[in-house]
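I opened this notebook to record what I looked up in the structure, entry by entry. Each term is given with its cut-offs where I first rely on it.

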Amino acid sequence: LFFRLRTNMSSDLANNPLLIATGLAGLIALPIILKLSTQTPKATCNPGIKKDCPKVVDNVCMADIEDSGKLVMCRCWRSKKFPYCDGAHAKHNEETGDNVGPLIIKK
C-alpha cells in the first residue's frame, strides 16, 4: 500500500502543470529574493550632522558676509563647524578620490 501510494503521488505531481510551473517559478525567484534581502542600505552623504532632524536647514545672516567679505560653506558634510567649512573636505577627498569643495559666497 505504501509503495502504491508513493507511485500515485509522484505520477500526480508529474502530470500537474500548475504545480510544476509554481515550483519552477519559486526556483527562479529564490535567488532574486535572497539577493534583495542581503543588499546593504544606500550610502548617505551626511555622516552625523543633526541626524535627529528630518531635514538639515541652516540660515546665514548677511552680517556674516559683511564682517569678513566672504562666507565659506561646507558641502562635504564633514566639517566640525557645519554649516561653515573647516577644510575637512581635503581629507575626505584624499580618502575617497572625491573632488568636493566649499561654497564660497563673496560680498
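This is a predicted model: local features need pLDDT of at least 70, side-chain atom pairs count only at pLDDT 80 or more; totals for chains, interfaces and linings use all residues.

I took helices (H or I, at least four residues) and strands (E, at least two) as DSSP runs, numbered from the N terminus. Residues are numbered from 1 along each chain as its sequence is written, and side-chain values use heavy atoms, with hydrogens and water left out.

**Entry: overall layout**

I looked up the secondary structure and found four helices and two strands, which run α-α-α-β-α-β from the N terminus on. For burial I used relative accessible area with a 1.4 Å probe and protein chains only: buried is under 20%, exposed is over 50%, and partly exposed is in between. By this scale 16% of the 107 residues of the protein count as buried.

I looked up Leu24 and placed it in helix 2, residues 17-37. Leu24 counts as partly exposed because its relative accessibility is 48%. Together with Ile20 and Leu27, Leu24 forms a nonpolar patch on the surface, with about 300 Å² of accessible area in total. The areas come from the Shrake-Rupley method with a 1.4 Å probe, and for residues only the protein chains shown count as cover.

Which residues of helix 4 are buried? I noted Ala88, His89, His92 and Asn93 as the buried residues of this helix, which spans residues 88-96. Seen down the helix axis, these buried residues fall within an arc of 135°, so they line one face of helix 4; the arc is that of the directions from the helix axis to the C-beta atoms. On the other side of helix 4, I found Lys91, Glu94 and Glu95 exposed. After helix 4 comes Gly97, with a positive phi near 80°.

**Entry: salt bridges**

I searched the whole structure for salt bridges, taking one as a side-chain nitrogen of Lys or Arg within 4 Å of a carboxyl oxygen of Asp or Glu, and the search gave two. In one of them, the side chains of Lys91 and Glu95 meet at 3.9 Å, N to O; both residues lie in helix 4, four residues apart, about one turn of the helix. Lys91 is exposed because its relative accessible area is 55%, and Glu95 counts as exposed because its relative accessibility is 59%. Lys50 forms a salt bridge with Asp58, where the closest N and O atoms are 2.7 Å apart. Asp58 is partly exposed because its relative accessible area is 30%, and Lys50 is partly exposed because its value is 36%.

Lys50, in the loop between helix 2 and helix 3 (62-68), has a positive phi of about 50° although it is not a glycine. Trp77, in the loop between strand 1 and helix 4, also has a positive phi, near 70°. The peptide bond from Phe82 to Pro83 is cis, with omega near 15°, and Pro83 lies in the loop between strand 1 (70-73) and helix 4.

**Entry: aromatic rings**

Rings of Phe, Tyr and Trp (its six-membered ring) pair if their centres lie within 6.5 Å, and planes under 30 degrees apart count as stacked, over 60 as edge-to-face and the rest as tilted. By this rule I counted one aromatic pair. Trp77 and Phe82 form this stacked pair, at 4.9 Å centre to centre and 20° between the planes.

**Entry: cysteines**

How many disulfides does a search of the whole structure find? I found zero, a disulfide being a pair of cysteine sulfur atoms within 2.5 Å. The sulfur of Cys85 is 5.9 Å from the closest cysteine sulfur, in Cys74, which is too far for a bond. Cys85 counts as buried because its relative accessibility is 16%, whereas Cys53 counts as partly exposed at 34%.

Conventions
Patches are made of residues with over 30% relative accessible area and no salt bridge: like charges are joined within 9 Å, nonpolar side chains (Val, Leu, Ile, Met, Phe, Trp, Tyr) within 5 Å.
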